[in-house]
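Dear colleague,

I am handing over the structure below, and I would be grateful if you could look through it alongside the notes that follow.

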Amino acid sequence: MRNRLLALLIVTLLLSSMPGPVWADGMILPEAASPDYIVVRYHHVTVRIEDNHAVTRVEQEFVNPHPFAVSGRYLFPVPPGAMVSNFEASLGGQRQTVIRQDAATTNAALYDVVAQRQDPSLLQYADWESLAFDLELPAGGARRMLLSYDEVLAPTGGMYRYRYILSTERYSMAPLEDVSITVDLALSSGLSNLYVPTHNVSTERLGEGRARVTWQAQDVRPTENFDLFFTPAEGGFGSGLLTGTREGHEHFLFLFAPESEAAREDALPKDIVFVIDRSGSMAGEKIVQAQNALHFILGQLNPDDRFSIVGFDDRLLRFSTELAPVERETLREARRFVDDLYADANTDLEAALQAGLEILSRSESRPEATRLVVFLTDGLPTAGVTDGGLIASLVAEANARVAARLHVFGVGYDVNSHLLDRLAAENGGSVTYVQPGENLELVLSDFYARIANPVLTDIVVDFEGLEASDVYPAQLPDLFQGASLLLTGRYHATDSEVTVRVRGQAGGQARTYVYHFDLRESTGHDFVPRLWATRRIGTLLDQVRVERESAALVAEIRALGLGYGLVTPYTTFAIAAQADGAASEANMRLYGDQEALNQVSGQTTIQARVQNQSYQQATQANLASGANVVNSGARSVAQVGDPYADNADTPFAGAWLDLSLLQGQDIPDDLITDAWLAENIKVDREVAFGSAAYFELADDPAIRPFLQSAANVIFAHNGEVIAVQGAEGGASVPEPPEQSGNARGDQRSGVVKLLSDLYTWLGLFIVSQ
């Protein structure tokens, strides 16, 4: 019995020493003698938003895996300015008595737990009010908790913002089995923009002014709060302007979108030609998938559309020499034409594109119609004109008379990426690369669904009251039903009142939409600068791919990576790549093989192009965030020290470093070491974590973003470099974002494994006794 008590005591002490309380959308602050980790099995959120009034309902289950009861206080943080009411909570079917705590009381509770558990991440809720109730979870028991509350949403930059504090689930003892958020919106004035910068959501338009936004994941520890921005429609369209400051620059995000139902009614007719490669290399699955996609598209054409099809190798097959109407018999003939396409011979790209443009030129002009050419190829030009530069020039010359948008699809690795990029850029279209293993049918079908209903073309955006620079995308796309224009850039304000004019063509008529914003009401959105920097880096990386590396390009990419905490091929010495996705380690390695990278075709250059396209088209702010980076406010902190180093008595062992301290340094090519840090960064002041001096720093809102990053952090403030050291030089290691993973590995997993091994060892030890 004594051995059993000893084992239990050891495990309890270990649990108590691990950082972080268990949070849900609120947080459980454990009593001092209680272990802090429990399991959140699931977390389901449903939200109903009517105009600017939101009702949130939360259902989750807590599981106490320990053989003893766990008690604590559940704290629901209320952000400053949030208008929350009618808060109700029940646990295990019993309604809880909820008290409201002011900011001072909340801070006192948070600071106690910060000191006891060495978990500074709680500081992000300092100076907030909170709603609280006490709870106890029985040994080995589970409790279902229900929450509900009302909230009045305040406008910001012409948009409404709904935020759900989801990041608190990162401290569940095990990944959540299931997490979901469902938001139903109903706006009486109509709904235009719907934008979620934090999560990859599904959006369903349900009718006039109505939509549903959903996000779901399994076996994850969420680390990102959920943000949703939406805009009422004004005159069929809506807009918003959000701004943020970083690296001494002002950044903006302008959003513009049509109201869904109005867009469907006002959709412009299309004159569209499909130009499809049927050369020998398309044989097999590729030609079958292209045929299936064409069959799908033919079934989706609108009654007012006109179309034709060109199949090509070194010969041309035309469905019609002029655009055909969308009629039953015409569609039947078109389907037979598609079925008869077969793969054979060489590839004459230039002749095929000229044939597609000629069909548009020969057809009766319709000023109200949008002209489109969809071009698909899987190979290099091997017949007719084969020089890429000449092909691009001849096509641009021919299209000057037709003014069609040219959307290009390159299939596989044997395509001339420089040529395809140029064809799309010079003819107002887009380029998509379909890699081996991807479903061509699905890619084509999804593309057509996005461009099926054009609503505004030839878009120009003008600003008054600010001077915009480095704007992305540099070439504005046409706007289609269900889509939004997301324009990012840097700016210099010339007035606090800004006017934005959006001009375009709809049905052959000029349209202008005018919006007014107060910059003082649009500011404070820290994700906006990171989104802009991601797009800027993507553009520069493609210059590296096409033009080769230069000292100037590398220097700017490196400065942006360090300044905004983003993954680049030139910052991996300090910023860890993600496990997969556009910011993966594998993608960063592509830029290390300059010879293969700078070819016009081949696996390396195509994969690099897909990678930097993802950056250029980013809509989520954390797409390129470093796996070892914590973004707090307008600063980024990364763990660059070795948490398991022998020299644990130095401030750099396991240190999380303010990345601004690396700007201008002579950086090594390999990973930064503790020795390098000690030699190159001079610490002016050391502060012990949890000390009185520490909490004096925590009272400063400007310093708090650094402190909440980790227990062992080094940062610059007011010309001074301050090093905060946790107990025994250890570091609290925040989880990386759940959407990205961590190429360096989850460093907490070692602690979890240690506990698992210890349980096993203790079990064997007890049995042996």
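Which strands and helices do the buried residues of H4 pack against? They pack against strand S20 (270–277), strand S21 (306–312), helix H5 (328–339) and helix H9 (440–451), where contact means heavy atoms within 4.5 Å and buried means under 20% relative accessible area with a 1.4 Å probe, protein chains only.

Please bear in mind that this is a predicted model, in which local features need pLDDT of at least 70, side-chain atom pairs count only at pLDDT 80 or more, and totals for chains, interfaces and linings use all residues. Residues are numbered from 1 along each chain as its sequence is written, and side-chain values use heavy atoms, with hydrogens and water left out.

Helices are DSSP runs of H or I with at least four residues, and strands are runs of E with at least two, numbered from the N terminus. Helix H4 (residues 285–300) reaches 23 Å from its first C-alpha to its last, close to the 22 Å expected at 1.5 Å a residue, the expected span being 1.5 Å times one less than the number of residues. Among its buried residues are Ile287, Ala290 and Leu294.

H4 and H5 pack at an angle of about 170 degrees, with their axes 10 Å apart, and are therefore roughly antiparallel to each other (over 145 degrees). In this pairing, Gln291, Leu294, His295, Leu298 and Gly299 of H4 meet Leu331, Ala334, Arg335, Val338 and Asp339 of H5.

In H7, the buried residues are Gly388, Ile391, Ala392, Val395, Ala398 and Asn399. They cover an arc of only 135 degrees around the axis, which puts them on the same side of H7 (the arc is that of the directions from the helix axis to the C-beta atoms).

Note on methods:
Buried means under 20% relative accessible area, exposed over 50%, partly exposed in between (1.4 Å probe, protein chains only). Axes are lines fitted to C-alpha atoms, for helices over the stretch in contact, and angles run from 0 to 180 degrees between N-to-C directions. Angles under 35 degrees count as roughly parallel, over 145 as roughly antiparallel, 65 to 115 as roughly perpendicular and the rest as oblique.
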